[in-house]
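I opened my notebook for a first look at this one. Come along as I jot down what I looked up.

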Amino acid sequence: QVQLVESGGALVQAGGSLTLSCAASGTIFSINTMGWYRQAPGKQRELVATISSGGMTNYADSVKGRFTMSRDNAKKTASLQMNSLKPEDTAVYYCRLVMVNPPTRYEYWGQGTQVTVSS
């Protein structure tokens with residue numbers, strides 16, 4: 001059974017920086033994508049960034065140029081470096097893992113970590 005644990009959420013002032021981490025435990029298949037999603041109060045959960053097992057990244061337009069996602073496959077971790085934070089970045093941030101062991105697809109979510117950006 002795979003578990004994802006996020007950490008690093010905090011209260012930060014606008015313009016500040018924060019790094020979120022996601023640690024995975026259990027068996028991780030080589031074909032996988034890790035991602036960060038966020039959900040603000042009263043809003044739907046939205047994609048922030050994803051990174052494939054090969055290192056290819058994808059970002060939401062709202063965070064391009066400010067956020068950087070990386071991963072360490074050996075350590076089973078993923079990070080999200082967030083710079084130039086804005087109040088609208090306030091949300092609970094969730095880590096997601098999708099992996100494939102053909103023909104089966106697996107999806108896991110972490111419990112989330114709160115990021116609050118004050119103006």
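I began with the contacts of Thr-113 (heavy atoms within 4.5 Å count as a contact). Leaving out residues up to four places away in sequence, I found that Thr-113 touches Glu-6, Ser-7, Gly-8, Gly-9, Leu-20, Ala-91, Val-92 and Tyr-93.

A note on the source: this is a predicted model, where local features need pLDDT of at least 70, side-chain atom pairs count only at pLDDT 80 or more, and totals for chains, interfaces and linings use all residues. Residues are numbered from 1 along each chain as its sequence is written, and side-chain values use heavy atoms, with hydrogens and water left out.

Next I placed Thr-113 in strand β11, residues 113-118 (strands are DSSP runs of E, at least two residues, numbered from the N terminus). The side chain of Thr-113 also reaches the backbone nitrogen of Gly-9, at 3.0 Å.

Is Thr-113 buried or exposed? I noted it as buried because its relative accessible area is 10% (buried is under 20%, exposed over 50%, partly exposed in between, with a 1.4 Å probe and protein chains only).

Then I turned to Thr-33, which sits in strand β4, residues 31-39. Thr-33 is partly exposed, since its relative accessible area is 31%. Again without residues up to four places away in sequence, its contacts are Thr-50, Ile-51, Ser-52, Arg-71, Arg-96, Leu-97 and Val-98.

Last, I checked a distance: 33 Å separates the C-alpha atoms of Thr-33 and Ser-119, which are 86 residues apart along the chain.

Methods:
Helix = DSSP H or I, 4+ residues; strand = E, 2+ residues; numbered from the N terminus. Polar contact = N/O pair within 3.5 Å; in protein donor to acceptor, adjacent residues only side chain to side chain.
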